[in-house]
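My entries follow in the order in which I made them.

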Amino acid sequence: MIDFVQNTVDGMMFGSSYALLAIGFTIIFGVMRRINLSFGATIMLGAYIGTWLHVHHQVSVWIVALTTLASTVLVGIYVERLCFHAIRRSAVLASMVSSFVIWMQLEEAAIHLLPERTYAFPALLAAGSFELGPFLFRAEQTSMLILAMIIVGVLHVLLYRTRFGLALRAVSENSLAAAYMGINAAWVTLCAFALVSLMGGVAGYAILSTDAQITPFFGLWATFKGLIAMMLGGMGSLPGAILGGLLLGVVEAHALWYLGNEYKDLSAYLLLFGMLVLRPGGLMGQRILSREALAFRRV
Amino acid sequence: MDDYVITVLSNIGMISFIALSAYLLLLTGEISFGQQAYFGLSAYAAGAATAMFQLPIWAGILVGACVAGIIAMVVGALTLQLSGLYFSVATLAFAEMARLILLIVEIQVEVDGEMVGPEGANGFHGIRWMFERDISLTEFMLLIYGLLALTVIFLLLVERSRLGSVLRMLGSDDLLAEMQGLNTVRYRILAVGAAGVIAGVGGALYAHFTTYVEPQFFNVMLGVHALAYGLIGGLGTAFGPLIGVAIDVGFLEAIRFIQGYRMIVFGGLVAILLIFMPRGILDEERVHRLKAVFSRRNHARA
Amino acid sequence: MLALRKVEKRFGALAALDRIDLEVAAGEVLGLIGPNGSGKTTLLNTVTGVYPPSGGRISFQGADITGWRGHRIARLGIARTFQNIRLFPTMTVFQNVWASQHSRVSGGLLGLLRSSPSRRCGDTGRVDEILELFGLLKDREVLAKNLPLPARRRLEVARALTTDPPLVFLDEPAGGMTPAETADMARLIHEVVAPNRTCVVIEHKMALITGVCTRICVLDFGRKIAEGLPGDVLADAKVREAYLGRDDAPDA
Ligand SMILES: Nc1ncnc2c1ncn2[C@@H]1O[C@H](COP(=O)(O)OP(=O)(O)OP(=O)(O)O)[C@@H](O)[C@H]1O
Ligand SMILES: [Mg+2]
């Protein structure tokens, strides 16, 4: 029983990083109805640039953190311009494939920057742990959970209390109508992209300093964990992304503990496949897929 | 030809099967991130048939293609409700599940005093049909291209046939297609199954060409590449995916001085290409125009 | 020919169709009218199997087709057009019509692989005949997405007729058209669609309705509020109120 609770808690800690990644996907999907496959690679390259400074110029940890955030935002804007802004809205497939080839491009750029496979990643906080009753908490994971809560709080204020948030929500409800209301959808999209990249940078920095190392595979890992968590929660739903991330973390933690390492990822994909077959809209999504809605939109 | 060239050419040929398989699904409007699963499952099944049960190669290919096709149809039936991104992610989830399961599976039998069979994360070694029969790389490459040619001819026939028109109808607007009297469910499962078979043929060949298979090879990257090839080459004709493969594997492999920067160049080129040609080089409209030009020329001659 | 018994369709709390009883007799041209959102398209969608009704029964030529999937209903002989024009945009005009014809041929697996416009899978002569009737023959090889709106509407109607279905539904065949184009569409419906066939026309343009329909049925909030000869129905107080009451008068 204690194991079960401890695993659940660990899973939620880990899940909070999935949730942060999923939020990035969900916002982009909401605004653009398209998927940015290079989201993970964007964060990875941003963090690589930070690490490069650290390795070659021994800058302080704070500068690494700031560089990581700034370069993630820049790379994010590059992706937006090339793969989304430049391709017309209806060409969903083209955008997706374009963001995929750019992912490959970013990955290779990272490898050229730092040619070896693995680098130590400088952490802001020292690792440590504390106990609460029978349960063990790792400091860096706990700070991740707290960070996730702060980000979600800030995001909530931004989306529901500011004019920019209003514009962003208007564009994701109906971009055409929003354009008629005088909202510059292209600008809002670009800002959303920058915002999401910034958030991704923060999440990426936190995750990497928990791992204390960085490899080019981080891009793939972040993209797929974020994508899975988003689909589990329901595409385009903010609470869904958080729930999906936590669920994914908890399921993985239990699979790891009870079945072993090789079942950890398997359980995640099994969960996703099962969810899509049985409840395609995810935890929080409406059943958007029903025939009726499809017909209503197009007939 | 030296072995390196033959290997590159053979790889182009085998990857083309996955590209064609993803392309067939693109025709029906669905984007699959998971065709590599059928490639991989078939590689295992075909390898098992020849290495563990001593069947001849044609039987191995047949077994692999059937296994891939049947599994694809089951997945197709389970995902009937899904379309768009939901379908893509479901195929991705399935493919990763299949790969991770192959990482666990260990079934070995004793053949001639040696243990052969899938060995979990170590992969499946000892698919030595080529060595046992003394088949040269060149001969095997001819087999690959022979089957590839058959597949392309089949797809070109499909395109000119009623089935091709039916698949394009499904892809363009499945509700409208159903209102025209098409049993959309049946055709979708048929298309998914056929795409599985095509990927399966490639996988069966791959297992025998490399003599061993590792689950790691069938990761998502392979699937997304296959998808990208179809889109780069164009969605208007079955030659599209082949053009895509040739551009990536062939053309860029050939230009030595960009070695190491290959993805940077390729990624940039493709991203720019997609801005101007969002449905690829040979898209439906260009194919339509080309056909018009050709038929006019034929008329003029007659 | 077509009979609806207490047909209901609910979307969540909204009853888009509320216990509709409707009888369509063979050979008539029934006008289906009603204010925006009154459930006309929903009725058409339930009859053609886009989605099943939430309650009630639908029968066609004596067969109970309630809950059938769309392709079976289409094969049985109910064709339709769409309010927001649906064509296969990257197919030519000819292919669009021909596709509708060969969709219904069931020739087994081998038949599927036969080269396309062959005698075996549809009558290409018939396709050209229909295109001629609708003035589309000169655009035979044009991609559907490059056609102007009136031609696209005509193409939809042409496509619906290619298999000679006994019953045709037209959903706003003159939507977005000028008065002259509307008159042309009315002529086509009268001369080409209606003869030897049963036809249900959904329209807001009263000029077209009064010109071609032999009978009218009026929906409002998912209910049938009136039915009868065009003159009687349009004079009906309830019908006037349904339209005028919401400042949505038919442009007679
Ligand atoms: N799939 C759906 N989901 C939810 N509500 C729907 C759906 N389809 C239709 N409705 C609602 O049902 C009602 C009837 O819609 P319908 O399209 O049948 O109207 P209509 O009579 O065809 O109107 P119009 O003249 O504008 O075409 C409307 O209020 C509409 O919003
Ligand atoms: Mg309507």
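**Entry 1**

I began with strand β9 (residues 215-220) of chain C, which pairs with β10(C) in the antiparallel sense over five bridges. Strands here are DSSP runs of E with at least two residues, helices are runs of H or I with at least four, and both are numbered from the N terminus. I count two strands as paired if DSSP finds at least two bridges between them. I looked up one bridge: C:Ile216 has C:Gly228 in β10(C) as its partner.

The model is predicted, so I note its limits: local features need pLDDT of at least 70 and side-chain atom pairs count only at pLDDT 80 or more, while totals for chains, interfaces and linings use all residues. Residues are numbered from 1 along each chain as its sequence is written, chains are lettered from A and ligands numbered from 1 in the order in which they are written, and side-chain values use heavy atoms, with hydrogens and water left out.

I then traced the sheet that holds this pair. It is open, has six strands in the order β6-β7-β8-β3-β9-β10 (chain C), and its pairing is mixed. At its edges I found β6 (78-80) and β10 (223-228) of chain C, each pairing on one side only. Neighbouring strands are turned by 20° against each other on average, direction ignored; axes are lines fitted to C-alpha atoms, for helices over the stretch in contact, with angles from 0 to 180 degrees between N-to-C directions. Helix α6 (residues 149-161) of chain C packs on this sheet and touches β6 and β7 (167-171) of chain C, its direction making about 165° with that of β7(C). Contact means heavy atoms within 4.5 Å.

**Entry 2: strand β7(C)**

Buried means under 20% relative accessible area, exposed over 50%, and partly exposed in between (1.4 Å probe, protein chains only). On one side I found C:Leu167, C:Phe169 and C:Asp171, on the other C:Val168 and C:Leu170, all of them buried.

β7(C) pairs with β6(C) in the parallel sense over three bridges, and C:Val168 has C:Ala79 opposite. With strand β8 (residues 198-202) of chain C, β7(C) pairs in the parallel sense over five bridges. The chain gets from β7(C) to β8(C) through helix α7 (residues 179-193) of chain C, in a right-handed β-α-β crossover. Right-handed means that, with the strands pointing away from the viewer, the path from the first strand over the helix to the second runs clockwise.

**Entry 3: helix α9(B)**

I checked the span of helix α9 (residues 184-210) of chain B: its 27 residues reach 39 Å from first C-alpha to last, close to the 39 Å expected at 1.5 Å a residue. The expected span is 1.5 Å times one less than the number of residues. Of the 27 residues of α9(B), 21 are buried. Just after α9(B), B:Thr211 takes a positive phi of about 65°.

**Entry 4: nonpolar cores**

A nonpolar core is a set of buried Ala, Val, Leu, Ile, Met, Phe, Trp, Tyr and Cys residues joined through side-chain atoms within 4.5 Å. The largest has 193 residues, and A:Ile35, A:Met230 and B:Val213 have the most contacts inside it. Helix α1 (residues 3-27) of chain B gives the largest share, 14 residues. A second, separate core has 48 residues, including C:Leu131 and C:Cys213.
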